[in-house]
Amino acid sequence: MKKTSVTVYGLGYVGLTLSIVLAESGYYVYGIDIDKKKINYIRKNKSYLYEKNIDSRIKQIRKLKKIDFLNYPKKSYTNYHVICVGTPINKNKKPILSSINNVLKSIIQNLQSGQTIILRSTVPVGFTRKHIIPKIYKKTKLRAGIDYNICFAPERTIEGKALEELKTNPQIIGGYSKDCLKKGISFFEKISDKIIKVNNLESAEIAKLIDNTFRDTIFAYSNEISLICDKFSINAFDIIKACNSDYIRNNIPSPSPGVGGACLSKDPYIMLNSAKDKKLSLNMIKSSRIVNEKTIKYIAKKILFKLKNFSSPNILVCGLTFKGYPENTDVRNSTSIDLINHLKKNKRLLKVDVYDPVLSFKEIKDLKYNYYKLGSFKKKFHCIIFANNHKCYVNIGIEKLIKELKDPKLICDCWNLYGNTNINTYKQIKYFGVGF
């Protein structure tokens, strides 16, 4: 019996992890990416992204001949086309959809009756119905819901745990028709038993935007609270913890140095653009994005103020990836990089160097930063900034860090990682962060 085949377009954080799980679940997968370096790397059973056991899992499915990684789609028949390419935003905060359009050209060349198209990429609400379906009909005369099936199923995993969450997270699916929806459900049932059906394509498209704009909004609330607490010399982390303690109606997140990453920093703008098309202003979502972008500028200004009496301060920024937990190697839209860029605008700064526990020495060098390992820099730096929340920083030990720093000494703890220690008892160091 011939195996059901799937062609996955785009082997980024979404597409590569999905390809692996699909191959392990019984599909034969063609993983497509135009980046030849990426394909060559994966063919050596190595992943450029961080996931637990990902290299060994790639090696196993390749050994069993369940997957093939290519720069272009094969001409042979495939049952499913799954679009997983990125949709970043441009300088005007509008979504760049060229990658989807390029993939669509490839699909149109190979599309046959009975096949199913599934979109995972984040798009404006209505994009699938208004743009993709008409383009397919214009070029092929194939009718959605009759000649082929089309669904939207938003990606909902967290980087660093995507291989795990693809099997445990609910899959939201919307179809062009009832038959399209059935095809989408049968596709995902092989990897997850948690399927949530929504009424149409637009409902599924907006679901992804709702997920990420919600998180961006609640983080903005905490970050704005941190600003007022800072002005009143109140520790925002302590007071938020007190408000949450044994109070069932509260689940206020802790503050952070802004909100970064490839999704939370752009998807609110895709939602805003969707609303603009309907002549609607989403003021809360817009304001939340402004707050989160302002927070990183605020902490940079605070650091520079603390350094104002330093003649030529050296700074070590710990954590270049956009978050420290779960571990990942993603530096896209990293607030750490934004912070470094703001600091470098001040010409008094002698140097800003970097340590990251996940990125390799080469990866940091390729990003044009000098690499120094935390805890072994022998009084080179006056100031350490913990810019993401990787757990390893606390394991170093505060006493060792203080001894390693050069006088006068500063620690900027953006995530309050040392909040439960007695760091404030050390008189020779100034300790501060976001909201304290």
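**View 1. Helix H4 passes helix H5 in a right-handed crossing.** A crossing is called right-handed if the near helix is turned clockwise from the far one by less than a right angle, and left-handed if anticlockwise. This is a predicted model, in which local features need pLDDT of at least 70 and side-chain atom pairs count only at pLDDT 80 or more, while totals for chains, interfaces and linings use all residues. Residues are numbered from 1 along each chain as its sequence is written, and side-chain values use heavy atoms, with hydrogens and water left out. The axes of H4 (residues 98-110) and H5 (residues 127-140) come within 10 Å and cross at roughly 35 degrees. Helices (H or I, at least four residues) and strands (E, at least two) are DSSP runs, numbered from the N terminus; axes are lines fitted to C-alpha atoms, for helices over the stretch in contact, and angles run from 0 to 180 degrees between N-to-C directions. On the H4 side, look for Ile-100, Asn-101, Leu-104 and Ile-108; H5 brings residues including Phe-127, Ile-132 and Ile-136. Contact here means heavy atoms within 4.5 Å.

**View 2. Phe-187 sits in helix H7 (residues 178-188).** With a relative accessible area of 0%, Phe-187 is buried; the word means under 20% relative accessible area, with exposed over 50% and partly exposed in between (1.4 Å probe, protein chains only). Leaving aside neighbours within four places in sequence, Phe-187 is in contact with Val-6, Leu-22, Tyr-27, Tyr-80, Val-82 and Ile-118.

**View 3. The largest nonpolar core holds 35 residues.** Such a core is a set of buried Ala, Val, Leu, Ile, Met, Phe, Trp, Tyr and Cys residues joined through side-chain atoms within 4.5 Å. Val-6, Leu-16, Leu-22, Phe-69, Val-82, Ile-118 and Phe-187 touch the most other members. Among the elements that give two or more residues to this core are strand S1 (5-9), helix H1 (13-24) and H7. H1 supplies the largest share, seven residues. Apart from this core lies another, of 30 residues, among them Leu-97, Phe-127, Leu-142 and Leu-201.

**View 4. Five strands form an open, parallel sheet in the order S10-S9-S11-S12-S13.** Strands pair if DSSP finds at least two bridges between them. S10 (351-355) and S13 (429-432) stand at the edges with a single partner strand each, so one side of each has no neighbour in the sheet. From one strand to the next, the twist averages 15 degrees. Helix H12 (residues 335-344) packs on the sheet and touches S9 (314-318), S10 and S11; the direction of H12 makes about 165 degrees with that of S10. Within the sheet, S11 (residues 383-386) and S12 (residues 409-413) pair in the parallel sense over four bridges, and Phe-386 stands opposite Asp-413 in S12.

**View 5. Helix H10 (residues 267-277) is mostly covered, with nine of its eleven residues buried.** Among those buried are Pro-268, Tyr-269, Ile-270 and Leu-272. The buried residues of H10 pack against helix H8 (201-231) and helix H11 (283-306). After H10 comes Lys-279, whose phi is positive, near 60 degrees.

**View 6. Ser-177 lies in the loop between strand S7 (171-175) and H7.** Ser-177 is partly exposed, with a relative accessible area of 23%.
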